[in-house]
Structures are given as structure tokens and as C-alpha cells.
Amino acid sequence: MREQTRQGDIRRRALRAAAGVAIGVMTLGVLAPPAASASPRPDTVQQSLNALVRDDGMPAALASIKDRDGRTRTYTAGLGNLATGAPVPVDGQVRIGSNTKTFVAVVVLQLVAERRMDLDATVDTYLPGLVRGEGIDGQRITVRQLLQQTSGLPNYSNYLGDDVRYYTPRELLDTALRHPADFAPGKSWKYSNTNYVLAGLIVQKVTGRPLAEQIDQRIIKPIGLRHTYFPAPGDASIREPHPHGYYRESADAPLRDITEIDPSWGWAAGQMVSTNSDVNRFFTALLAGRLLPAAQLTQMRTTVPAEATFGPGSRYGLGLVSRPLPCGGLSWGHGGSFPGYETRGGATDDGRAASIAVTMQLTDEAGRRNLERAVDTALCR
């Protein structure tokens, strides 16, 4: 998920257990040709992807870019499978990590619009007595604070053990509640995956239906996301053509294939699978008002500073991040980090959208900056 690499809790021990055969590094730096829809001559986006593979050591990079006129181009660089040398599937599926949070926030806000939930109601209104701990009281935490990361709830993913297995949402919540609050509700901002696990549990309580079903029926099907899904319990695979995801224990360690991994430890905070083009379609539809009434979209876009996690000038709304663009204006999106994959992107109010994925979770600030600059290049060209 998005903040995992910033907080150093990538679950290294767990990934050692999940990792497959080590992959030699001799295949790195081999650039696949751009997809047929890209310019025959490498443009600035292709050059950015090439640099992510060549200079930052990413096994692969892939992108989907939509311009103001609605034209979409897709790009690839690197190799989709280092063991076989297979090319990167054009617009292949990847694990989108914390972009999942925006989907969950949209479902919550749809329920608010339907008057089935209230943003300023407390967690105890929906899950009475469930959220208690040291400095933690569900009677004092609101739904809005969950979505905006101002609840003070500790981040469960900082405390998971080294078991690679299926986790229930309640296990994830209970892991968090064994630790003290980071701050009193509403008094500060700090990214915590626990907030969205709890939001997902509230959605299930209010609707009486599984979260995955609600996301599918309320978002995926209505806007035609044909390559996006919330994996079923125990599903460690990726369904459609996809580049393999890799993990490296240290800078001089071999790459290991971790494409197949149980994603349940992410649940509502980061479990989904999608493609770059579908992610662009989602954020474009969201900003265009196709998923939320104007009042709820305004609430979603009401932000607080979030520079500590998302970089200079960034702000966090209700599951939605704004970032200033070097060419002026803002991009709106989220981004995601999950073992084997890192995604960044955004959409603008004038219809531009860009989503870029790499096939290794980033662990250094320079790599993250380079990926974010690649998105800026795509949105500002």
C-alpha cells in the first residue's frame, strides 16, 4: 500500500517466505518496444519509462495516458517475466494497492448520499463497542476522520507478523487495537491502513453485503471497468495477462518473483487488482461527477495537508490526494504500493489522466520521486 515503503514496514520477513526462485539481474535494462498505440519514435513518456528500467532498476514499467481529447496511449518498458524474457503485456493487470482506498471512500460517500450513513456520525453508531483501546474510543472517531486519515488509529500493517496467509478484516483491526492511538481524533493527520479496514467493515454492516460486492455493483460495473476486481478470499493469483512482480531484500540481493501472494492483509486498504487504463477511467469518471453527487464530491475534495506521506504540496481529502503539477493546476488520484508493484497517477479537471506502474515495490525516496516525475511528465506534455 501507498505508505508501506515510507514507514519501512514492507514485511520483509513475510516476503522471504512468499518469494519464489531468485531471478538473475542480467535481464534488467532490456527495453521492450512501446505498445502499438504509442508514437513510433519514443516520446517523453516512453523515455521516462525507459529511465525507470535502466536507471532505477525496475524490472518493468507500463503506462496508460489519456489526453484532453480523450485519446489514450499505452506504453511498456522492460520485461514482463525475467525468467522467460516475455514482454510486458500491454495495459496488463497489476496490484493497485492503496488506490483501493478511493474505491472504498466512493462507496461510503454513495451511502451518505443515500442517507444510509453520515460522515459525522461516530464509528460506534455503526459498530457499537467494537473500537476500543489505549486512547482509542469508537464513540469519539467519526466516519469522516477515517476517510481523511485524522482518526489517530495506529496502522495495523506496522505490526503484522511474518505469516503469509489469509487474514480476516477483524484480525487486521484487532492487531491495530492492541497498540495505543497515535493522537486524539481530529488533532493531527497520519496515514493508517486501519482507517480503511474499519470503513470497509462499516460498509458491510450498513449494507449487509460484502465490500467486494458493493465495489463491483456500485463502481466497477456502472463505469465499465472490465479489468478491475477485488480478489476473493484465498485468491493469490492475478487473473488476466500481467507483468510479474518482484521483490529485493537489499540493494545487492537477487530479485525474487512474488507475483502470487495472498493480498488479504490489504483488504479495504489495498487489495484490488486493475490496469492503468481502468484506473484512469475510474478517476476520470469520479472527477466528472459520474460516481457521486456534487455535494459528496465536494466533501471528497476538501483536503488537509499530507506532505509527510505524499510529497511537497500534497493534500488528502476523503480517500483522494491532490498534488500540484509543475505545469500548473492539480492532479487528483491516490497511488498504491503493494509487494511486487508500485502505481502512481492522477487525473485533472480538464480530462487528462495518467497511470504508471512498475513491477517492484519502491524502497527509496529517489525511485519514488522519479516515478512521480514520470506521471507529471505525462500529465504536463
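Close-up 1. C380 is partly exposed, with a relative accessible area of 24%; partly exposed lies between buried (under 20% relative accessible area) and exposed (over 50%), computed with a 1.4 Å probe on protein chains only. C327, at 42% relative accessibility, is likewise partly exposed. The sulfur atoms of C327 and C380 are 2.1 Å apart and form a disulfide, defined as a pair of cysteine sulfur atoms within 2.5 Å. The count by this rule is 1 disulfide. The link is left-handed, with -70° about the S-S bond. C327 sits in the loop between β12 (321–324) and β13 (330–333) and C380 in helix α14 (residues 365–380), so the pair ties together parts 53 residues apart in sequence. Helices (H or I, at least four residues) and strands (E, at least two) are DSSP runs, numbered from the N terminus.

The model is predicted: local features need pLDDT of at least 70, side-chain atom pairs count only at pLDDT 80 or more, and totals for chains, interfaces and linings use all residues. Residues are numbered from 1 along each chain as its sequence is written, and side-chain values use heavy atoms, with hydrogens and water left out.

**Close-up 2. Helix α3 and its surroundings.** In helix α3 (residues 44–54), 8 of 11 residues are buried, including V45, L49 and L52. The buried residues of α3 pack against β2 (60–66), β3, β16 (353–358) and α14, where contact means heavy atoms within 4.5 Å. D43 caps the N-terminal end of α3, with a side-chain oxygen 3.1 Å from the backbone nitrogen of V45.

**Close-up 3. T74 in strand β3.** T74 lies in strand β3 (residues 72–78) and is buried, at a relative accessible area of 10%. T74 and N276 are 202 residues apart in sequence, with a C-alpha to C-alpha distance of 8.7 Å.

How values were computed
Polar contact = N/O pair within 3.5 Å; in protein donor to acceptor, adjacent residues only side chain to side chain.
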